[in-house]
Structures are given as C-alpha cells and as structure tokens.
Amino acid sequence: MTAVDTTRRGPGRATSGSPGRRSAPRRPAGPGLWHFLTFAAPGTLIYLCLVVLPIGLSFGYSLTNQALLRPDTQIVGLRNYRLLLQDETFLESLRVTSILTLIVVIVPNVLGVAIAVLLDRRGWLYNALRSVFFTPMVISSVVISVIWTRILADDGPVNQALRGLGVAEPPGWLSDPGLALYSLSSIVCWQMLGFCVVVYLAGLQGVPQELAEAAAIDGAGPVRRFRSVTWPLLAPALTINTVVLLISAFKIFDHVKVITNGGPGTGTTATVAFVVLQEGFVENRTGYASAEAIVMLVLIAALSVVTLRFLQRREVQL
C-alpha cells in the first residue's frame with residue numbers, strides 16, 4: 001500500500017517546494033517616496049542652499065582673481081593655491097591655529113573630566129554648579145571676548161591685583177607677543193569647558209554602579225576604579241568632545257577679532273579664519289581668500305575624519 005498524504009492543503013495554496021508558489025505582493029513605491037520627499041526635501045534643500053552651494057561657489061571663486069571692487073574677473077586656475085604655499089602670512093596662521101587648536105582640545109577635556117567627576121553628585125548645590133559651568137557656552141563669544149579684554153588689560157583687575165601683591169611689572173597678557181596667543185587660548189578653553197563638563201556628566205550617568213561596586217569589593221581604590229571602569233566607558237564622550245573642540249578651535253575668528261585683532265605685532269594671534277576674512281573683505285582679494293577658505297575646509301574635514309576614526313576604533317577596542 002502506498003502512504004497517503006493526509007496533509008491538508010487550503011484552496012489555492014501550494015506546497016513550499018512547488019513551482020507554483022506565489023511571492024508576497026510588493027508594496028507600491030509611490031507613498032513611501034512621497035513621505036520621504038515630504039520630510040527630507042526641506043532639510044535637504046536648506047542644506048544644499050546654505051552649505052553645498054556656498055562651498056561650490058567658493059571653490060569656483062578660488063580659481064579666479066575675483067575682487068569685490070574689480071569688475072573684470074579672469075580664471076587663473078590653481079595659481080592661488082600655489083601662492084598659498086609661499087605666503088608667509090598664511091603659513092604663520094596655520095602654525096598659530098595649530099597651537100591654539102592643540103591647547104583647546106587638550107585643556108577642556110582634562111579639566112572637563114575632573115570637574116564632571118566632582119559634580120557627579122545629587123543635590124541642589126551640584127545642580128547649581130552645573131549651570132554655572134555651562135553658562136559661558138550660552139553667552140555670545142563677542143560678549144565673552146569683551147569681558148576678558150577688560151579683565152586682562154594692562155590696567156585691568158588682574159594686573160591691579162598683582163600690583164597689590166607686590167608685582168611691580170605685571171605681564172601684558174594681551175599686549176605681550178609671547179603671551180597673547182596663550183591668553184587667547186585660555187579664554188576659549190574657559191568658554192568651552194562647560195560643554196565638556198556636560199558631555200562627561202552625561203557619560204558618567206551611563207556608567208553602571210554595579211561595575212564600580214564590584215571593583216571596590218575586589219579592593220580597587222578610587223583611582224584604579226576610575227582608570228579601569230569609568231574612563232573606558234567615557235570613550236564616546238571623549239570622541240564627541242574632541243571632534244567638537246577640534247572643529248570649533250580651527251575656525252575661531254570672533255575671539256581673535258575682538259580681543260587682539262590678530263596682534264600684538266604682526267600675526268601673532270591671527271588664525272586661518274581671521275586671515276581669510278582679512279584677505280577677502282579688507283584686502284579685497286576674494287579669489288585668494290576663497291582658496292584659503294577651501295584649504296581650511298579640507299584641513300578641518302581631514303583632521304575630523306582621522307580623529308573620529310581613531311577614537312571610534314578605540315571605543316571598539318575598549
């Protein structure tokens with residue numbers, strides 16, 4: 001006798017291996033595409049108009065000798081870029097910007113971690129201190145620059161206090177070419193510190209207390225617990241702070257313009273962004289300034305990508 005297949009098949013249904021199997025009906029692409037365009041189109045249009053288009057125009061201008069007050073514009077190719085390699089002013093601005101960026105990336109990160117650990121407590125006092133540290137971030141950079149210009153002036157409160165303590169000749173914080181760049185960097189660090197503190201505090205909130213308690217039971221002290229448990233879990237916060245500080249420091253202009261105006265002396269605190277605007281709007285060399293801006297954009301993008309990749313790889317390894 002042959003075995004009888006008692007498996008019931010519904011009407012119009014085929015077995016899994018039968019060639020007559022019908023695939024699931026495809027959903028029409030029209031509604032999904034319409035929803036995508038509805039939500040993405042406004043943001044994409046704004047991005048294209050305010051970011052991509054200006055970058056494209058700047059690159060086009062960098063290939064010309066255009067000036068705002070000169071109607072006759074000629075295409076000069078890569079001549080502006082070749083001139084940049086011989087421009088001592090631009091090369092010096094790269095050196096100044098590199099020093100300022102290095103200081104602004106390191107100091108707020110180090111102080112931000114320390115302050116965040118101290119403020120990682122409950123209570124109204126710690127909440128108030130968090131607001132105090134974050135307040136400089138919501139104040140305009142111009143206002144911050146004006147305040148610190150008055151504080152660090154040769155006859156300002158700082159030097160007056162030093163004279164009261166017996167210092168006959170207080171340092172010229174903003175007038176001494178050897179100190180001006182570091183004073184400027186300190187002001188930027190002070191303003192950016194609150195951002196780092198808030199990001200690290202958010203990272204500390206995500207550290208499981210069970211891990212710290214287990215390490216304490218194993219005999220690890222506070223320093224060992226921070227180094228082995230807390231600090232590895234703060235890797236995402238370190239990545240965010242480092243990339244944001246890197247981009248912010250490399251394109252600083254308003255602090256330089258208000259506090260030192262590129263001085264004292266010749267270009268001792270002139271950053272790349274400051275030189276770009278000087279060339280474009282003061283020296284009336286729009287094409288050359290556009291070439292400087294494109295170089296600055298490429299440097300920022302390259303440094304940001306390299307830093308982001310390195311720090312994200314560290315997160316995976318941890």
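Let's start with the largest pocket: 14 residues line this pocket, and Val 117, Asp 120, Gln 209, Ala 212 and Thr 230 lie nearest its centre. This is a predicted model, where local features need pLDDT of at least 70, side-chain atom pairs count only at pLDDT 80 or more, and totals for chains, interfaces and linings use all residues. Residues are numbered from 1 along each chain as its sequence is written, and side-chain values use heavy atoms, with hydrogens and water left out.

Back to the pocket. A pocket here is an open set of points on a 1 Å grid over the protein atoms alone, where a 1.4 Å probe fits, with protein on both sides within 12 Å along at least five of seven lines; lining residues have an atom within 4 Å of a point. The largest one holds about 440 Å³ of space. Helices α8 (209-217) and α9 (222-233) each supply at least two lining residues. Helices are DSSP runs of H or I, at least four residues.

Next, the cysteines. How many disulfides are there? The count is 0, with a disulfide being a pair of cysteine sulfur atoms within 2.5 Å. Cys 189 is buried, at 7% relative accessible area. Cys 196 is buried too, at 0%. Buried means under 20%, exposed over 50%, partly exposed in between, with a 1.4 Å probe and protein chains only.

Last, helix α1, residues 29-62. Leu 48 sits in helix α1. Leu 48 is partly exposed, at 41%.

Terms used:
Grid points are joined across faces, edges and corners, and a volume is the space filled by probe spheres set on the points.
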